[in-house]
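Could you walk me through this model, from its annotated spans to its sheet, core and ring pairs? Please keep the cut-offs in view along the way.

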Amino acid sequence: MRRRIKILSFTVATTIALLLVGATLVVLGIFDEILNWDIFSAKVEAVLTGIFWASVVLSIFGVAITFVLGIQEIVRAIGSLQRHPDIESSNVVPEAPKTTYLLYMVGLVSVFSALIAALSVINNRITVHRSQVFKEIAAEQMQKLQTKWVQQVSQITTPPRNNVPISLHELIQSVVKLSFVNNMTLYLPDTEDKTVIWSYNSWGTYNKDNGFDRTFVAKEYEQAIQAAFLGRPELLQVINDRTGFTWYYVVKTPQDKSIAILKINGNAQENFREYRLDSEFN
């Protein structure tokens, strides 16, 4: 006799499984927060958070579907009793084994996993395109201002800790005000100490007390900036080639000497989808 797969049983089992997954992640999150575990990286935590909220949302839908199907089963059972009061248990179609429900759950998880994987691939391609467009537009904009950057930076012999030239502030602000730029940092080398670089952030309004900060080279991008000042821009190019909305521009003199580096943090919310790169036309 063919066994029947009951949607209500399948929904209940799936909902319970999702609730168990969510409960497990909550417990892990509590201990991770209290014991300050270093087991999970930021990306892993983001993935687990996504799984948790997906489990919660799907569980809510599962509960709602279970409620509706439960009412439907009750109505169906009452109707069968009224139509066939003398129905025998041997005429009732038996329920499918648990392994069948397990296979259905595995299939459902596989479908969702394939969907998420496909969307992730699509999202990655879109992100790569948007990142490339941002960097190309930023490069074009900086090249237009190349002469002005050389003029402004050449006037600075020692990075000032205050009273930065207002013309430099205005030049930086002209870039920051662009819709695809969030902020920008100007880096200058230290002529006396090769382990130090100077950085300046220009905020909205000019402030005489705001000036360059002296920073010891430690982070990867700082090492790349220092290497570029010493005539080795390869590491900085590696960073620029990564997918993201941060881009470094090297300001050079007509003699091809690196005198400043601009770190441009792009606006990730800017719509770059409507742009096409020149390479895409070839």
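Here is a tour of the structure, starting with the ground rules.

This is a predicted model, so to speak of local features a pLDDT of at least 70 is needed, and side-chain atom pairs count only at pLDDT 80 or more, while totals for chains, interfaces and linings use all residues. Numbering starts from 1 along each chain as its sequence is written, and side-chain values use heavy atoms, with hydrogens and water left out.

Let's begin with the record. An unreviewed UniProt entry carries the annotation "transmembrane region" for residues 7-31, 51-71 and 101-122; positions are in the numbering used here, feature names are shortened, and such annotations may be inferred rather than shown by experiment. In the model, residues 7-31 are 100% helix and 0% strand, with end C-alpha atoms 36 Å apart. Residues 51-71 are also 100% helix and 0% strand, and their end C-alpha atoms lie 30 Å apart. Helices (H or I, at least four residues) and strands (E, at least two) are DSSP runs, numbered from the N terminus.

Next comes the sheet. Five strands form an open sheet in the order β3-β2-β1-β5-β4, with antiparallel pairing; two strands pair if DSSP finds at least two bridges between them. β3 (213-216) and β4 are the edge strands, each pairing on one side only. From one strand to the next the twist averages 30°. Four bridges join β2 and β3 in the antiparallel sense, and V196 has F216 in β3 as its bridge partner.

Two helices meet this sheet. α3 packs on it, touching β4 and β5, and its direction makes about 25° with that of β4. Helix α6 (residues 220-229) lies across β1, β2, β3, β4 and β5, running at about 150° to β5. For these angles, axes are lines fitted to C-alpha atoms, for helices over the stretch in contact, and angles run from 0 to 180 degrees between N-to-C directions. Contact itself means heavy atoms within 4.5 Å.

Stay with α6 for a moment, as A227 lies in it. A227 is buried, at a relative accessible area of 11%; buried means under 20%, exposed over 50% and partly exposed in between (1.4 Å probe, protein chains only). Neighbours within four places in sequence aside, A227 is in contact with R232 and P233. Its C-alpha atom is 9.6 Å from that of K194, 33 residues apart along the chain.

Now for the nonpolar cores, meaning sets of buried Ala, Val, Leu, Ile, Met, Phe, Trp, Tyr and Cys residues joined through side-chain atoms within 4.5 Å. The largest has 35 residues, and M142, W149 and F212 touch the most other members. Elements giving two or more residues to this core include α3 (98-144), α4 (146-154) and β5 (258-266), and α3 gives the most, with six residues. Neighbours within four places in sequence aside, M142 is in contact with W149, V175, W247, Y249, L262 and I264.

Finally, the rings. Phe, Tyr and Trp rings (for Trp the six-membered one) pair if their centres lie within 6.5 Å; planes under 30 degrees apart count as stacked, over 60 as edge-to-face and the rest as tilted. That rule gives six aromatic pairs. F52 and W53 have ring centres 5.1 Å apart and planes at 70°, so this pair is edge-to-face. F52 is buried at 19% relative accessible area, whereas W53 counts as exposed at 52%. Elsewhere, ring pairs link F134, F180 and F245 into a cluster.
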